[in-house]
Amino acid sequence: WDRQPTFLIPCSLLTIPPSPALSGRAYVREKVCQEYRMLGKENFRTLTIIANSRKYSNGTFEEIGHLVREIVSLAETCCADGADPSCYDAGSTALSVKSCSADSPFPAHPGTAACCAHEGLERKLCLAALRHPPQPLPQYLQPSDKELCQAFRQDPREFADRFLYEYSSSYSQAPLPVLLGSTRTFLSMVSTCCISPAPTACFLKEKLERKTLSLLTLTSNRICSRFSVYGKDKVSFSYLASLAQKIPTASFEDLLPLAEDAAEVSSQCCDSVAEDCMQKKLLEHTAKVCAALSARDGRFADCCKGKNLMENHFCILALPPAPAPKLPEASEPTNKELCGKEGALHATRSLFELARRHPSLPDAVLAKLYDSFGKVHGECCSTKDPSACLDSKRKRMEAELPPLVEKASQLCGQYNKLPFLEFKKRLRESLTQTEPEASPPQLERLLEQRVSFASTCCLPDSPPLLCASKVSSGLGEVCKQESCLLG
């Protein structure tokens with residue numbers, strides 16, 4: 001890339017709002033052609049590979065390749081001087097028909113059939129809005145320097161295309177400008193160092209220079225994956241609970257503004273095409289966290305000592321929970337408070353108090369409880385007798401919550417403390433005692449469910465979508481299924 005593009009994404013990759021000055025179709029064509037002419041064919045192609053690999057993160061390299069060739073060919077033909085104004089609309093219609101055919105070479109999506117029931121512009125906009133959910137964990141593994149150079153020398157173009165696909169689909173939730181910067185500098189590093197007389201020293205120097213950008217890609221992918229699954233309010237709660245477990249002596253009033261600020265960063269930057277949104281806002285947020293918490297906690301102070309704010313942020317994210325302090329019993333919100341104007345805030349405070357007293361309670365369980373509290377609020381506060389409804393729900397929670405919290409905390413506490421084989425051995429012994437009537441196959445199934453839950457969901461960067469399904473299967477038997485808090 002010889003210059004920074006302004007990030008106008010091709011319409012086949014993004015839904016573009018209509019312009020009052022142009023008809024919808026003409027506006028879309030103008031946007032794409034403006035981008036194509038400004039970037040040139042090769043840079044347009046690179047952007048198209050990245051954008052589609054992000055959008056269809058479960059698609060194969062071949063499927064993405066088919067789609068990219070069609071989009072680039074369409075732009076090349078219809079953006080040429082003297083091209084018929086109807087060329088782009090006709091070409092994109094043919095593309096949508098191909099997407100809907102039984103033998104479509106493009107990435108499969110469960111929503112395609114519903115889109116194909118529509119026709120014309122409605123079908124195109126529906127197909128353009130489809131995207132795969134984020135991969136639970138990034139799959140990209142960087143080869144050794146020697147392997148990189150071997151693949152690069154063999155076929156530089158194939159190497160670049162495959163890297164763009166693998167990296168962009170693996171970090172599909174990182175904002176587009178972050179991915180563009182990260183992939184561009186990586187390919188530049190490979191092309192420079194593989195022809196260098198001292199490749200080892202060259203790679204070492206370049207990787208050091210890329211470190212901040214690599215951390216930004218990893219961190220923003222994690223942040224935006226959570227945001228895409230949870231939404232702004234739940235992200236704010238998730239971050240609040242995480243801080244409460246890392247610094248349990250801090251008050252709700254100390255930590256809530258920081259959690260809301262973190263959610264604001266996600267909301268503003270995850271879908272932004274502004275070049276430096278994520279880096280700028282994330283560094284500003286890190287500075288606020290360091291200013292607020294360094295003096296209160298030695299571990300935060302250590303993380304905030306560095307001059308590189310991106311590394312400081314990564315250090316804070318990786319902090320394990322602190323041991324639970326001795327705190328007075330938390331007061332429960334009254335029925336009047338729960339159904340009042342600030343009911344959601346009172347419920348959040350209640351869960352905050354739970355999180356700081358149980359540092360090993362994983363995000364997946366807290367997120368389920370957050371949903372349950374919201375459901376109870378919605379069901380009870382709109383009835384004729386909210387107090388009677390809330391009292392009955394409260395009784396159920398008092399019965400179900402303690403065993404659930406204890407089991408999840410114990411499981412994650414042991415997983416994070418013990419070597420894996422020792423953890424599995426103790427868990428098997430524990431299940432043998434608590435489930436004496438289970439047959440060996442049933443016991444093995446329970447063991448595998450718990451191990452799978454712990455190894456995926458007891459970590460600070462646990463994948464939210466995957467863990468939401470694992471919570472019910474891994475811990476669901478602690479309550480009656482028809483009225484389970486985890487339902």
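Modeller: Contact here means heavy atoms within 4.5 Å. Keep in mind that this is a predicted model.

Biologist: Fine. Leaving aside neighbours within four places in sequence, what is Leu240 in contact with?

Modeller: Beyond those neighbours, Leu240 contacts Phe252, Leu255, Leu256, Ala259, Thr348 and Phe352.

Biologist: And where is Leu240 found?

Modeller: Leu240 is part of helix H10, which covers residues 199–246.

Biologist: Buried or exposed?

Modeller: Leu240 has a relative accessible area of 0%, so it is buried.

Biologist: How far apart are Leu240 and Arg349?

Modeller: In sequence they are 109 residues apart; in space, their C-alpha atoms are 9.7 Å apart.

Biologist: Switching to Asp297. Where is that one?

Modeller: Asp297 is in the loop between helix H12 (277–293) and helix H13 (298–303).

Biologist: What is the nearest side chain of opposite charge to Asp297?

Modeller: Arg299, at 4.1 Å. A salt bridge needs a side-chain nitrogen within 4 Å of a carboxyl oxygen. Asp297 is buried yet has no salt bridge.

Biologist: What does Asp297 touch, not counting residues up to four places away in sequence?

Modeller: Lys246 and Ile247.

Biologist: New topic: H3 and H8. At what angle do their axes cross?

Modeller: Roughly 105°, with the axes of H3 (residues 61–78) and H8 (residues 156–170) coming within 11 Å. That makes H3 roughly perpendicular to H8.

Biologist: Which residues meet there?

Modeller: From H3, Phe61, Glu62 and Ile64; from H8, Glu158, Asp161, Arg162 and Tyr165.

Biologist: How many of the residues in that contact are charged?

Modeller: Four are charged, three are nonpolar and none is polar.

Notes. Residues are numbered from 1 along each chain as its sequence is written. This is a predicted model: local features need pLDDT of at least 70, side-chain atom pairs count only at pLDDT 80 or more; totals for chains, interfaces and linings use all residues. Side-chain values use heavy atoms; hydrogens and water are left out. Axes are lines fitted to C-alpha atoms, for helices over the stretch in contact, and angles run from 0 to 180 degrees between N-to-C directions. Helices (H or I, at least four residues) and strands (E, at least two) are DSSP runs, numbered from the N terminus. Angles under 35 degrees count as roughly parallel, over 145 as roughly antiparallel, 65 to 115 as roughly perpendicular and the rest as oblique. Ala, Val, Leu, Ile, Met, Phe, Trp, Tyr, Cys and Pro count as nonpolar, Asp, Glu, Lys and Arg as charged, and the others, Gly among them, as polar. Buried means under 20% relative accessible area, exposed over 50%, partly exposed in between (1.4 Å probe, protein chains only). Lys and Arg count as positive and Asp and Glu as negative; His and the chain ends are not counted.
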